[in-house]
Amino acid sequence: MATEIAPSILAADFTRLGEQLEAVTAAGADLIHIDVMDGTFAPNITLGPAIVSACTRATTLPLDVHLMIEQPDRYLDVFAEAGAGGLTVHAEVTPHLHRTLQQIRTLGVKVGLAVNPLTPLEIYREALPYLDLALIMAVNPGFGGQHFIPASLQRIATLRAWRDALNPACRIEVDGGINVDTVAAVVEAGADIVVAGTAVFGSGAVSDALVTLRAAAGR
Ligand code: DX5
Ligand code: ZN
């Protein structure tokens, strides 16, 4: 399967969100990535369910909702009702992870688990059978436009081997610092889905940027 590209609207021009969503959809984006931050787990406050709901009116693409929030269980149903196609929670803030993943499954959306750059990957050995998405953070949660952490490549490759053995249907998603210079190595290491905020929305024509990124991804 070709690499999928998930533009992250964190870097979009919110005064023209509908227009920009239509442009990336027409240019061949595969998912729309929505970063939800609570100012506690992540040092920024970003998007909530009203934005998810608004996105459903501007694109038919699946909405890939990345919850960088404490106690995500409290909001899973709200985001599913708002139109999320998938909900990804962070391993660092989900002590009852099995229950949380089951709760997402019950809501009928894709089940995702994310880890920060230095969180041990071992949790995936146990969690992979429950997942549709395994998200490796290649920057620390909080802001767009950060530099890709090179050690992420080895982590992607490790996860890829476990994924192939334990749950081949699970997709590996990589988030943070992905641009024309880093995307090829990320795909080569084993990513199925690449998230890109600044690289898509950070300059001029978003559709051209998406096409350029896809070409740089190589496959
Ligand atoms: C970071 C977010 C990312 C962010 C990526 O906390 O999870 O999804 O939007 O932005 P870029 O592509 O600019 O690194
Ligand atoms: Zn994200």
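Biologist: What order do the eight strands of the open sheet take?
Modeller: The order is S1-S8-S7-S6-S5-S4-S3-S2, and the pairing is parallel. Keep in mind that this is a predicted model.

Biologist: Which strands are at the edges?
Modeller: Strand S1 (4–7) and strand S2 (32–37). Each pairs on one side only.

Biologist: And how much are neighbouring strands turned against each other?
Modeller: By 25° on average, with direction ignored.

Biologist: Let's take one pair. How many bridges join S6 and S7?
Modeller: Five. S6 covers residues 133–137, S7 covers residues 171–175, and they pair in the parallel sense.

Biologist: What stands opposite alanine 134 there?
Modeller: Isoleucine 172, in S7.

Biologist: Now S3 and S4. How many bridges there?
Modeller: Three, again in the parallel sense. S3 is residues 63–68. Histidine 66 has threonine 88 in S4 as its bridge partner.

Biologist: Is S4 mostly covered or uncovered?
Modeller: Mostly covered. Five of its five residues are buried.

Biologist: Which way do the S4 residues point?
Modeller: Gly86, Thr88 and His90 point one way. Leu87 and Val89 point the other way.

Biologist: Why the two directions?
Modeller: In a regular strand the side chains alternate between the two faces of the sheet.

Biologist: Switching to helices. Where does H4 lie?
Modeller: Helix H4 (residues 97–106) lies across strand S4 (86–90) and strand S5 (110–115). H4 runs at about 145° to S5.

Biologist: And which strands does H6 lie across?
Modeller: S5, S6 and S7. Helix H6 is residues 152–166, and it runs at about 170° to S7.

Biologist: How do the lining residues of the largest pocket divide?
Modeller: Into twelve nonpolar, 13 polar and two charged.

Biologist: What about the volume of the second largest pocket?
Modeller: About 230 Å³. Of its 16 lining residues, Leu31, Lys110, Asp132, Leu133 and Arg171 are the closest to the centre.

Biologist: How many charged residues are in the lining of the second largest pocket?
Modeller: Five. The others there are eight nonpolar and three polar.

Terms used: Residues are numbered from 1 along each chain as its sequence is written. Chains are lettered from A and ligands numbered from 1 in the order in which they are written. This is a predicted model: local features need pLDDT of at least 70, side-chain atom pairs count only at pLDDT 80 or more; totals for chains, interfaces and linings use all residues. Side-chain values use heavy atoms; hydrogens and water are left out. Two strands pair if DSSP finds at least two bridges between them. Helices (H or I, at least four residues) and strands (E, at least two) are DSSP runs, numbered from the N terminus. Axes are lines fitted to C-alpha atoms, for helices over the stretch in contact, and angles run from 0 to 180 degrees between N-to-C directions. Contact means heavy atoms within 4.5 Å. Ala, Val, Leu, Ile, Met, Phe, Trp, Tyr, Cys and Pro count as nonpolar, Asp, Glu, Lys and Arg as charged, and the others, Gly among them, as polar. On a 1 Å grid over the protein atoms alone, a cavity is a set of points where a 1.4 Å probe fits but cannot get out, and a pocket is an open set with protein on both sides within 12 Å along at least five of seven lines; lining residues have an atom within 4 Å of a point. Grid points are joined across faces, edges and corners, and a volume is the space filled by probe spheres set on the points. Buried means under 20% relative accessible area, exposed over 50%, partly exposed in between (1.4 Å probe, protein chains only).
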